[in-house]
Amino acid sequence: MDAFPIPAESFILGFIGAGKMAESIAKGVAKSGVLPPDRICTAVHSNLKRRDAFESIGVKVLSDNNAVVEYSDVVVFSVKPQVVKDVAMQIRPLLSRKKLLVSVAAGVKLKDLQEWTGHSRFIRVMPNTPSAVGEAATVMSLGGTATEEDGELIGKLFGSVGKIWRADEKLFDAITGLSGPAYIFLAIEALADGGVAAGLPRELALGLASQTVLGAASMVTKSGKHPGQLKDDVASPGGTTIAGIHELEKSGFRGILMNAVVAAAKRSRELS
């Protein structure tokens with residue numbers, strides 16, 4: 001099969017769907033300098049606020065999805081999972097092997113995407129919502145005829161809104177189970193409530209809890225140390241930290257988190 005490399009210095013990135021996820025990715029790509037905003041486009045049909053959100057970045061807003069496909073070299077499906085099939089069938093006649101397709105639609109498998117579009121140059125990407133603040137945890141899997149160069153290009157684009165890994169698509173349910181930020185939102189809220197219970201003002205407690213989680217995560221990613229070692233480093237004999245850890249262990253804290261990931265992964269398999 002002939003190769004049609006994406007022109008790195010001139011390619012156009014188009015989004016089918018103009019929601020918050022598309023906006024986050026477009027902002028990250030433009031802000032990082034990976035791609036100038038005038039080489040990014042989408043279509044907004046009626047919501048003027050959505051149009052304003054993209055135009056304020058400098059993104060081109062076109063008349064409809066067909067125009068986005070025709071104008072773009074890389075086309076990102078950023079629509080709700082239940083409408084992906086309809087959108088894919090609509091644009092199918094406009095596709096050629098020169099175009100690279102990407103999907104961020106949750107739970108929609110590559111085999112279905114490829115069947116609906118009649119196109120196997122596809123990459124499935126699974127970012128999470130912290131992409132909105134440039135801290136996404138993203139995983140991608142390459143479809144049938146997507147090349148290594150295609151993977152590198154998409155890795156660079158999505159790397160602009162966080163960190164990205166490559167993985168086999170069969171792992172995506174487990175990835176979904178693990179990478180939900182809601183667990184951490186819940187932990188931050190609980191830590192803040194504990195601070196209030198111990199006598200802190202609410203605003204101070206929430207700020208301390210949020211920054212403590214952020215700082216701890218940064219230490220894990222930047223220090224190269226295992227989190228267990230980092231825990232041991234701050235747990236002094238007979239001190240405050242080990243007293244708190246003791247309470248967490250008595251309540252089965254680690255087991256609860258493990259069970260949450262397994263339950264979410266199971267539900268992801270059921271839904272897909």
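Colleague: How many salt bridges are there here, and what counts as one?

Modeller: A salt bridge is a side-chain nitrogen of Lys or Arg within 4 Å of a carboxyl oxygen of Asp or Glu. By this rule the count comes to 13. This is a predicted model, where local features need pLDDT of at least 70 and side-chain atom pairs count only at pLDDT 80 or more, while totals for chains, interfaces and linings use all residues. Residues are numbered from 1 along each chain as its sequence is written, and side-chain values use heavy atoms, leaving out hydrogens and water.

Colleague: Where does the partner of aspartate 150 lie?

Modeller: Helices (H or I, at least four residues) and strands (E, at least two) are DSSP runs, numbered from the N terminus. Aspartate 150 and arginine 121 form a salt bridge with N to O at 2.8 Å. Aspartate 150 sits in helix α6 (residues 148–159), and arginine 121 in the loop between α5 (110–117) and β6 (122–126), 29 residues apart.

Colleague: Are those two buried or exposed?

Modeller: Buried means under 20% relative accessible area, exposed over 50%, and partly exposed in between (1.4 Å probe, protein chains only). Both aspartate 150 and arginine 121 are buried.

Colleague: Which salt bridge involves glutamate 247?

Modeller: Glutamate 247 pairs with lysine 250, their closest N and O atoms being 2.9 Å apart. Both belong to helix α11 (residues 240–250), and because they are 3 residues apart, about one helical turn separates them. Glutamate 247 is partly exposed at 44% relative accessible area, whereas lysine 250, at 56%, counts as exposed.

Colleague: Which residues do salt bridges with shared partners join into one network?

Modeller: Those are Glu23, Lys27 and Arg50.
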